[in-house]
Amino acid sequence: MNELPSNIENSNFIRDIIGNDLRDGLCEKVVTRFPPEPNGYLHIGHAKSIYLNFGVAQDFSGRCHLRFDDTNPTREEQEYIDAIKTDIQWLGLDWGDHLYYASDYFEQLYDWAVHLIQIGKAYVDDLTADEIRDYRGTLTEPGRNSPHRDRPAKESLSLFSRMRKGDFPNGQRVVRAKIDMASGNINLRDPIMYRIIHSTHPRTANNWCIYPTYDFAHGQSDSIEHVSHSICTLEFEDHRPLYDWFIENLPVPSRPHQYEFARLNLSYTILSKRALTQLVRENHVSGWNDPRMPTLSGMRRRGFPSEAIREFVKRIGVAKNNSVVDTAILEHCVRDFLNQHAERRMAVLRPLKVIIENYPDGKTENLDAPNNPAKEEVGTRKLPFSREIYIEQDDFMEEPPKKFFRLAPEREVRLRYGYLITCTDVKKDPNGEIIELRAQYDPATKGGNAPDGRKVKGTLHWVSAPHAIDAEVHLFEHLFTDSEPRSDGDLLKGINPSSLEILRDCKLEPSLGNLDKGQTVQFERKGYFCTDTDSTSDRMLFNRTIGLRDSWSKAQSGKTG
């Protein structure tokens, strides 16, 4: 009897099944796999499956394979293969020596198809795709046998051989399993095993012009790799009887067992690969790694840390029933991690110049500012201060309401890490728009504290004008306006026209010019931002990762308070 590890975390029904199989001697070694089709980029839903498959393998001292189920060359590209590898490694996981492709098994799969034809459990069919669909029946009506269903095995074998040689055009013939056209499970109504596709494959080039379907290749690939637990999402539950039928009727080396769990559904988010592909191909987003996309590459570009995604997956757990997870939980995990680890900087996104008239002209002093007030060990940085500074436009009002505690005429505010200043004059353009403020500072208040103990409620962030770095900043909102967008209707109706706002005249403190690409920091009072992959020294570009406000944790506090 196998002993189970004593430190299993996040127990769920999948782990319980594996634990029971080990205890009962039904499994000697746990082998799982993550089997993406390389026809797009991975999204946050895949992260749940990745962490589950790699996680249970690690917990039970087993191994997890990365296998590309590359059975459709018309949709698959090397770009997707490379991107998937990068994403999994970014999540902190490693498949080691266990990288596989379904295309590695094409010869074996072909031989097994021949075997099924020889024993009378598969045949070559001449029906067109539309005819096959019509003959298949409906959920309430049984299907009808193809007129070629009883074709002699010898004839089917000859036709299958000619299909492989390229004698027929696309769609002229297919190979179908001979199961049950009256089955209540439509997947068992003589499913297609092979089809003709004259297209170059990313790995096998033009060596093949017939390709196994996903349903035929998937289970057998698991068997070849001796996968013990084939973990899938719920949409594959109705396919399990078909996978079992193939395993039972083929001389496979092992018998994997499939178990299904609920896929991730996230509010305000589409996780359909078909829909995401449409968004990319129709240029509704800038690409698969657009920061508004739920792809892992998009989230990485936006500045989401992989540690936060891992924590999110841990929090939502693994269940058998589908449900919609509030995206605020993911945002909370991102915000919580960045609050602890991101350094602080100052940036003015909508600048308004302030001239401090009694500050010496030409003078610059370097003020000490902590990199993270909660972590003294990360030290401080020097922040230049001068006569001319920028503040946010919305930090000033000429006629402020009662509870406006920021800058206004004849009102004193604190400049963070700097001095107390008082607005003395307002300059406007011919259209009446405010273009500049004049102010006086109190030299005795360096560090933002008044020696006489007077209280100042407002504290503003700022940037020294002569030292400021110009930058473009992208602000993101949900890509969809509906909390539960549907991918099976008119997808475009739900796109949020305000999902991206571009600010082109932002002013940043000079230390922000030294960030690495992808590094995330907190712009004080504004949120968390990271340098974009397209950022250059001539065009600094930042993406807002997430704002400072945490609606989910506040809601949780309200429930328990």
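The following conversation concerns the chain shown above, its overall build and a few of its residues.

Reader: What kind of model is this?

Author: The model is predicted.

Reader: How many helices and strands are there in the chain?

Author: The chain holds 13 helices and 27 strands.

Reader: What percentage of the residues is buried?

Author: Of the 561 residues, 52% are buried. The accessible surface of the chain comes to about 25,900 Å², and carbon and sulfur atoms account for 44% of that surface.

Reader: Which share of the contacts comes from residues 24 or more positions apart?

Author: Counting contacts with a separation of 6 or more, 70% are between residues 24 or more positions apart.

Reader: Turning to charges, how far apart are the mean positions of the positive and negative ones?

Author: The chain has 74 positive and 84 negative charges, and their mean positions are 2 Å apart.

Reader: Let us look at T32. Where does it lie?

Author: T32 belongs to strand β1, which covers residues 31–34.

Reader: Is T32 buried or exposed, and why?

Author: T32 is buried because its relative accessible area is 0%, and the cut-off for buried is under 20%.

Reader: Which residues does T32 touch, leaving out those up to four places away in sequence?

Author: T32 touches N53, V56, A57, R63, C64, H65, V227, H229 and I231. With N53 there is also a polar approach: a polar atom of the T32 side chain lies 2.8 Å from the backbone oxygen of N53.

Reader: On to the helices. Which residues of α9 are buried?

Author: Helix α9 runs over residues 273–281, and its buried residues are K273, A275, L276, T277, L279 and V280.

Reader: What do those buried residues pack against?

Author: The buried residues of α9 pack against α2, residues 44–59. Just after α9 comes N283, with a positive phi of about 60°.

Reader: How many residues of α7 are buried?

Author: Ten of the eleven residues of α7 (residues 214–224) are buried, so the helix counts as mostly covered. Among them are Y214, F216, H218 and D222. Just after α7, H226 has a positive phi of about 60°.

Reader: Lastly, D442: where is its place?

Author: D442 is in the loop between β20 (434–441) and β21 (459–460).

Reader: Why does D442 count as partly exposed?

Author: D442 counts as partly exposed because its relative accessibility is 21%, and the class lies between the cut-offs of 20% and 50%.

Reader: Which residues are in contact with D442, aside from neighbours within four places in sequence?

Author: D442 is in contact with Y419, L420 and R454. Its side chain makes a polar contact with the side chain of R454 at 2.8 Å.

Reader: What else lies 2.9 Å from a polar atom of the D442 side chain?

Author: The backbone nitrogen of A444 lies at that distance, 2.9 Å, from a polar atom of the D442 side chain.

Terms used: Residues are numbered from 1 along each chain as its sequence is written. This is a predicted model: local features need pLDDT of at least 70, side-chain atom pairs count only at pLDDT 80 or more; totals for chains, interfaces and linings use all residues. Side-chain values use heavy atoms; hydrogens and water are left out. Helices (H or I, at least four residues) and strands (E, at least two) are DSSP runs, numbered from the N terminus. Buried means under 20% relative accessible area, exposed over 50%, partly exposed in between (1.4 Å probe, protein chains only). Contact means heavy atoms within 4.5 Å. Accessible areas come from the Shrake-Rupley method with a 1.4 Å probe; for residues, only the protein chains shown count as cover. Lys and Arg count as positive and Asp and Glu as negative; His and the chain ends are not counted. The place of a charge is taken as NZ of Lys, CZ of Arg, CG of Asp or CD of Glu. A polar contact is a pair of N or O atoms within 3.5 Å; within protein, one must be able to donate a hydrogen and the other to accept it, and residues adjacent in sequence count only if both atoms are side-chain atoms.
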